[in-house]
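I set out to keep brief notes on what I looked up in this structure. The entries follow in the order in which I made them.

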Amino acid sequence: MSSQLDNARSENHEVLIRFDDVSKVFGDVNAVDGISFSILQGEIFGIIGRSGAGKSTLVRLINALEKLSGGEIYVDDVKITSKTRSSDLKQLRTNIGMIFQSFNLFGSRTVFKNVEYPLKLAGVDKAQRRTRVLELLDFVGLAEKADVYPSKLSGGQKQRVGIARALATNPKILLADEATSALDPETTLDILKLLKKVNVEFKTTIVVITHTMSVVKLICDKVAVMNDGKVVEIGETSKVFENPQHEVTKNFISTLRTLESGKL
Ligand SMILES: Nc1ncnc2c1ncn2[C@@H]1O[C@H](COP(=O)(O)OP(=O)(O)OP(=O)(O)O)[C@@H](O)[C@H]1O
Ligand SMILES: [Mg+2]
């Protein structure tokens, strides 16, 4: 019994994404500056920090939307370096889904066709695509909207389509860059519940960038605080928020508290 538990525990603690002295330079800007840390399989991992801190750049390095300037990233079994060719990263990308603040849906395609798109790219046959798309739309609560165009959907519904599309190829990792920033509080809560459901049911590891403290508190197991391209603090969410160590984290939390309290 205890060995089974130990096994389960070590499986849960498997490193899925490892940053090793990672950097990204744009001209004379060190957007990401020598970052090393790991994200474990099954975690919901938050990344916070002020505008320009390097959050989006760091996350875009995971699926190689940006090319590394230095260091290495291990994603599952794949090692990404500054020398990795983007043609070698096709397999990596099918293992990573991404959702965005602006949803990034194809306006000229129906909900069904939006969700079907990554399956077509992956070479899945038509009958299987149909089954999978309907299953996903059911999962995100949009079974009725398959033939509707995105312009007819609310923001929350659009993000549900974005989530269904990101999950189409059953990725191990879901990257969410300010995925709820364009939504009202109630819809934000609905989307957070959906992300939690994705994490629990599919064991998807989720990396969440947000400016909203309640988003981190509600769903993130751990959080990293970025400033000037560096991770200045990292730990379990409750510990970081209850007992912030770094000046940047203290200021950030106090600013967010003021904003969310609604009192100046
Ligand atoms: N394609 C690019 N070309 C040049 N500079 C860039 C590029 N992308 C990002 N940067 C710069 O890198 C730094 C980090 O940007 P990044 O978008 O990662 O920040 P962020 O933490 O996501 O900010 P925000 O919260 O505003 O989204 C900034 O100084 C930004 O201007
Ligand atoms: Mg950003």
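**Entry 1**

I began with Ala164 and listed its contacts, setting aside residues up to four places away in sequence: Val115, Leu136, Leu137, Phe139 and Val140. I note here that the model is a predicted one.

I then looked up the largest nonpolar core, which has 67 residues. Ala164 is among the members that touch the most other members, together with Ile73, Val115, Leu175, Ala176, Val207 and Val208. Helix H6 (residues 155–167) gives the largest share of this core, five residues. I also recorded that domain 1 and domain 2 each supply at least three residues to this core.

**Entry 1: The two domains**

Next I asked how the protein is divided into domains. Domain 1 takes in 2–95 + 171–261, and domain 2 takes in 96–170. Taken over C-alpha atoms, the centres of the two domains are 24 Å apart.

I looked up the contact between them and found 22 residues from domain 1 and 18 residues from domain 2. On the side of domain 1 that touches domain 2, the elements giving two or more residues are helix H3 (90–94), strand S7 (173–177) and helix H7 (185–202). I sorted the residues of that side by class: 13 are nonpolar, five are polar and four are charged.

**Entry 2: An open sheet**

I turned to an open sheet of four strands, whose order is S2-S1-S4-S5 with antiparallel pairing. Strand S2 (29–40) and strand S5 (78–80) are the edge strands, each pairing on one side only. From one strand to the next, the twist averages 15°.

Within this sheet I examined strand S1 (residues 15–26), which runs antiparallel to S2 and is joined to S2 by nine bridges. I noted one pair in particular: Ser23 has Asp33 in S2 as its bridge partner. Helix H2 packs on the sheet and touches S1, S2 and strand S4 (70–75). The direction of H2 makes about 60° with that of S2.

Leaving aside neighbours within four places in sequence, I found Lys55 in contact with Ile47, Gly49, Ile209 and Met226. I also checked Lys55 against Asn227: 172 residues separate the two in sequence, and they are 8.9 Å apart in space, C-alpha to C-alpha.

Terms used: Residues are numbered from 1 along each chain as its sequence is written. Chains are lettered from A and ligands numbered from 1 in the order in which they are written. This is a predicted model: local features need pLDDT of at least 70, side-chain atom pairs count only at pLDDT 80 or more; totals for chains, interfaces and linings use all residues. Domain bounds come from an automatic or database domain assignment. Two residues are in contact if their C-beta atoms, placed from the backbone, lie within 7 Å. Ala, Val, Leu, Ile, Met, Phe, Trp, Tyr, Cys and Pro count as nonpolar, Asp, Glu, Lys and Arg as charged, and the others, Gly among them, as polar. A nonpolar core is a set of buried Ala, Val, Leu, Ile, Met, Phe, Trp, Tyr and Cys residues joined through C-beta atoms within 7 Å. A residue is buried if 20 or more other C-beta atoms lie within 10 Å of its own, exposed if 12 or fewer, and partly exposed in between; C-beta atoms are placed from the backbone. Two strands pair if DSSP finds at least two bridges between them. Axes are lines fitted to C-alpha atoms, for helices over the stretch in contact, and angles run from 0 to 180 degrees between N-to-C directions.
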